[in-house]
Structures are given as structure tokens and as C-alpha cells.
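Could you walk me through this protein while I have it open in my viewer? I would like to know what to select next and what I will find there.

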Amino acid sequence: MTSTPDPSALLASLDLRALAALSERVDLPALLGAASRLNDRQLGQLTRMLSGQHDDHSTLPAPDGDFLGQLGTLGPDERQTAADVRAFMETRVAPIMNEYWNRDEFPRQLIPELRRLDLLRRIWNEDGTRTPNATVLEGLITLEACRVDVSTAVFFGVHAGLAFASVALGGSDEQKAEWLPKMLDLDVIGAFGLTEPEGGSQVSQGMRTTCRRDGDRWILRGQKKWIGNSTFSDFTVIWARDVDSGEVRGFIVRAGTPGYSVEKIQGKTALRIVENGLITLDDCAVPDSDRLQNVQGWRTTAEVLKLTRAGVAWQGVGCAMGAYELALAYAQTREQFGKRIGEFQLIQNHLVHMLGNVTGMLALCLRLSHLADAGDMRDEHAALAKVVTAARCRETVALARETFGGNGILLEYGVAKHFADTEAIYSYEGTNEINTLVVGRAITGLSAFV
Ligand SMILES: Cc1cc2nc3c(=O)[nH]c(=O)nc-3n(C[C@H](O)[C@H](O)[C@H](O)COP(=O)(O)OP(=O)(O)OC[C@H]3O[C@@H](n4cnc5c(N)ncnc54)[C@H](O)[C@@H]3O)c2cc1C
């Protein structure tokens, strides 16, 4: 609080020579006349400007989405991983992400830089087993990536999660030895082809892509839609139904195989930096040695998805945290009606609501990951986390975007990308409806799937 100064003391303290010099440059009587007509709010604003408070944001708290310091309770390797990814995202990805968003393209030059970070070996061992705190580390990598750019996390999640887990869980020892070390070093990039043009939710029951044994090879026919990384991946894991046994099988289909073609999906309004492909398998012949030998039908596919669903839950946390921090920084500086908008009660209500969401989501995902690393995570646990974080993320980014007014839909302010990307998080790796049905079935003991 500033106290009202004593006018006679103020006059006595005036430096008349400095005042005379000033009056040569400024019309002081006019200025004093204008000041006398200011109302209390305008006077307060002028006082803050003259005392330098107006432009000094250094005294305001720095935006920090981890309000309860939950990340600070983690182990040194976990905090180091989070710090490594944060530095990478802020220095290497943030400066180029809007350009690549506009180009609808993944910046492939990031792959060698990511290789140097050596993130996969923090999660996976060469034999396809997981490190002791793999799910927590994977969650932190995802959070820190999504805080800046969800697409980068999706590139990583498709390769290091979906594709890697498919080979780790479904491959023979020989297949693991052939592929996993190269995948750990990002020397080969994988993709994961499950969803089809006719639908993703029903794919466990209505998979239309088929495989047919033909001597020592398999003939694949069908289409796969939305397949992330597939426009440049070295191989894609293709899931197909055996026309003879009806069983689901997995195949490593190498780029360039005759009968295998990829068309980049154009015109996305979310995750534009991720390259998604529409794959066509037109009598594509794959040697039996590239069939994932230990796949136990759909059960293996479901195991892969269970493992990666926790990662998608973390995407919601990171995306919401990034949006909240951007909104808070904006509210601390943007002025309307002579005040920073962060001084308005309604804007503070938005910010506190966002922070509450982020804090709750973070606690939920940390618990989920600890359960997973202890081997106690069930399908419905991951499904609940995905349902909750996707919905809370959607609410949070909408409030953040609203805080930016019109600037909230401009790419250069950052929050618009989070706002758009949330829509993809909401729908992939099991839509909110499907994950809700998984949890509903678990808690009631009654299936509502139709
Ligand atoms: C950006 C992006 C990246 C992706 N990357 C990949 C990838 O790399 N690999 C891959 O295989 N797939 C990928 N997908 C596909 C994704 O997993 C599917 O989009 C998702 O499973 C939903 O399938 P769908 O889009 O066909 O929607 P649909 O299954 O057609 O669903 C449409 C609507 O109907 C609802 N619905 C469906 N069935 C039921 C039911 N029984 N009860 C109630 N509601 C129901 C759904 O919840 C949804 O609201 C990606 C998708 C996107 C958008």
C-alpha cells in the first residue's frame, strides 16, 4: 500500500532547477491540469508507471504448473530426465514448432538430436523388458514434451511406446535382438498400424485387414488409417486378421515392401506436426520371419495398448500445464482498463480452476505410473486416467485460450496449438466413450458395450 504524501513536504522537496529544465521540454501546467482531472483508478495507474512498478514483472511469481511441488518429490534420475526434456523442448523445438505446424510436417532433423538425449534406454532394456521406474520416466518425458508441443510427444510415443512395445511383447528373441537395439538408438523408426478407415473403436472385433498364409510368406490386404510416423518410418507394425483361423496377427512391414503404400493425411486441425498416414496393403507379401512370433492374438495388441494408454493420460497433463503457464504469464502482462488482466477476479477464477485441474491430473498420473511400475496397474486404471485427463485438459486449454481473448487463436501466442491438439488427445488411444465403458464395466461388473 502506498500512503498519500503530505503536499507541503512534497513541495518543499521539489528540485526547482530540475523542474525548470523539465518545463522546457514538457508543458507542465497542462500536465498538472490533466492529472487533476484523472479519477482514482487512472491516478493509481499513473503512480505505478512513475514509480516503475508498472513495467516491473520481475517481482511477480513465475508461472509454474507444479503448484504442490509434486515433481520435486521424485528421484534424482526422474528429475534429471524431466529437466533434460524440458531443456530440449524449450531450446530445440519451441523455436521451430510454429513453422512446422504451418508446413504440416515433422521436423526430422530433431531425430539425431533426440538420439543424443538417449531417452529410450531410460525406459527399455535391450531385451524388451522395462527399467524399474519406466512408466514414471515415460510419463515425465511425455509431460515435459507436451508442455511445449504435443506432436513431439506423439512422435516419441508412437515409436518408443506403440511400435517398441509391439516388438518387445510380440517378438521372438531373434526379432527383439534384430530390432530393439536399433530402435533404442533411433537408428530405425517404427510406426503402429491398427486403426482402419471403417473405425478405430470396433477394431478389436471388426478388423478388416486380412493376412493369408502362402508358403513361407503372408499376403496382407486392407487399409490402416491415422498411422503416426508412417510417412517416414522404417517399418510399421501391421495388425491383421488371419482369414483361416480368425486370429489377430502382427507383422513388421518394412518401408518399400511391394504392395505397401502410404499417403499422408492432409488438412488436420490438430497435431499438424505429426505425420499421419493412410496405409494401403495391396496383396503385400511379408515373410513369415517378419510375423511377430509371440503374438497371442488380440490379447497381445491389448497389452500394448494398456501399456501406452498411461502415456496418453500424461499427454493431457503436459498439454494442460503448458496452456496454464502461458495463460498465467499473459494475465500478468496483458492490460485492459488500465490494469493487468490478472488483477480481474474473473480471470483469477479461470487461472485457479486451470491450476486445480493440472494439480489433480498430475497426482492421478503419478499414482497410475507408480502402480504400473509395481505391476499393479489394471486396464480400468489406465482408462480412468485417460478419461479424466483428456476431459480436464480440454476444459483447461479452453479456459487458457479464453484468457488470451482474440490472441488465443493466433499461433504465435502458443495457446492455440494446445487448444487444437487437445482434440486429438481426446479421441485416440480409446475415445472417451470407450474408456468410460471400460471403467464402467470394471466398477459395476456389468458390460455396457454394444
Ligand atoms: C492424430 C491421431 C493420431 C492417431 N495415431 C494412430 C496410430 O498411430 N495408430 C493407430 O492405429 N491409430 C491411430 N489413431 C486412431 C485412433 O486410435 C482412433 O481415431 C480412435 O481409436 C477412434 O476411432 P475412430 O476415429 O475410427 O472413431 P470411431 O470408432 O468411428 O468413433 C466415433 C464416435 O463413436 C463413439 N463410439 C464408438 N463405439 C462406441 C460404443 N460402443 N459406445 C459408445 N460410443 C461409441 C466413439 O467414442 C466416437 O465418439 C490416431 C488418431 C488420431 C486422431
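Start by selecting helix α16, residues 415–427. Its buried residues pack against α6 (97–103), α10, α13 and α15. Keep in mind as you look around that this is a predicted model. Of the 13 residues in α16, 10 are buried, so the helix is largely enclosed by the rest of the structure. To see them, highlight Val415, Ala416, Lys417, His418, Phe419, Ala420, Asp421, Thr422, Ala424 and Ile425, which are the buried residues of α16. Then step just past the end of α16 to Glu429, where phi is positive, at about 55°.

Next, pick Arg401, which sits in helix α15. Is Arg401 buried or exposed? Arg401 counts as buried because 22 other C-beta atoms lie within 10 Å, and the cut-off for a buried residue is 20 or more. Leaving aside residues up to four places away in sequence, Arg401 touches Gly408, Val415, Ala416 and Phe419. Three of your α16 selections return here, as Val415, Ala416 and Phe419 are among the buried residues of that helix.

The crossing of the pair is left-handed. On the α15 side, select Asp379, Glu380, Ala383, Leu384, Lys386, Val387, Ala390 and Ala391; they meet Asn432, Asn435, Thr436, Val438, Val439 and Ala442 of α17. Colour this contact by class and you will find 8 nonpolar, 3 polar and 3 charged residues.

Now move to another helix pair, α10 (residues 150–170) and α13 (residues 298–333). How far apart are their axes? The axes are 9 Å apart, and the helices pack at an angle of about 160°. At that angle, α10 is roughly antiparallel to α13. Their crossing is right-handed. From α10, the contact uses Val150, Ala153, Gly157, Gly161, Leu162, Ala165, Ser166, Leu169 and Gly170. Facing them from α13 are Thr300, Glu303, Val304, Leu307, Thr308, Gly311, Gln315, Gly318 and Cys319. By class, the contact of α10 with α13 has 8 nonpolar, 9 polar and 1 charged residue.

From here, turn to the largest nonpolar core, which has 119 residues. In soluble globular proteins, nonpolar side chains tend to be buried together. Phe251, Ala320, Tyr324, Ala327 and Cys365 touch the most other members of this core. Helix α13 gives the most to the core, with 18 residues. Centre the view on Ala327: apart from residues up to four places away in sequence, Ala327 touches Leu351, Met354, Ala400, Thr403, Phe404 and Val415. Val415 brings you back to α16, where the tour began.

Finally, zoom out to the whole protein. There are 17 helices and 9 strands to trace. Buried residues make up 43% of the 450 residues. Among contacts with a separation of 6 or more, 74% join residues 24 or more positions apart.

Notes:
Residues numbered from 1 in each chain as written. Predicted model: local features only at pLDDT ≥ 70, side-chain atom pairs only at ≥ 80, totals over all residues. Axes fitted to C-alpha atoms, helices over the stretch in contact; angles between N-to-C directions. Helix = DSSP H or I, 4+ residues; strand = E, 2+ residues; numbered from the N terminus. Parallel < 35°, antiparallel > 145°, perpendicular 65-115°, else oblique. Left-handed = near helix turned anticlockwise from the far one by under 90°. Contact = placed C-beta atoms within 7 Å. Nonpolar A, V, L, I, M, F, W, Y, C, P; charged D, E, K, R; others polar. Core = buried A, V, L, I, M, F, W, Y, C linked by C-beta atoms within 7 Å. Buried ≥ 20, exposed ≤ 12 C-beta atoms within 10 Å, placed from the backbone.
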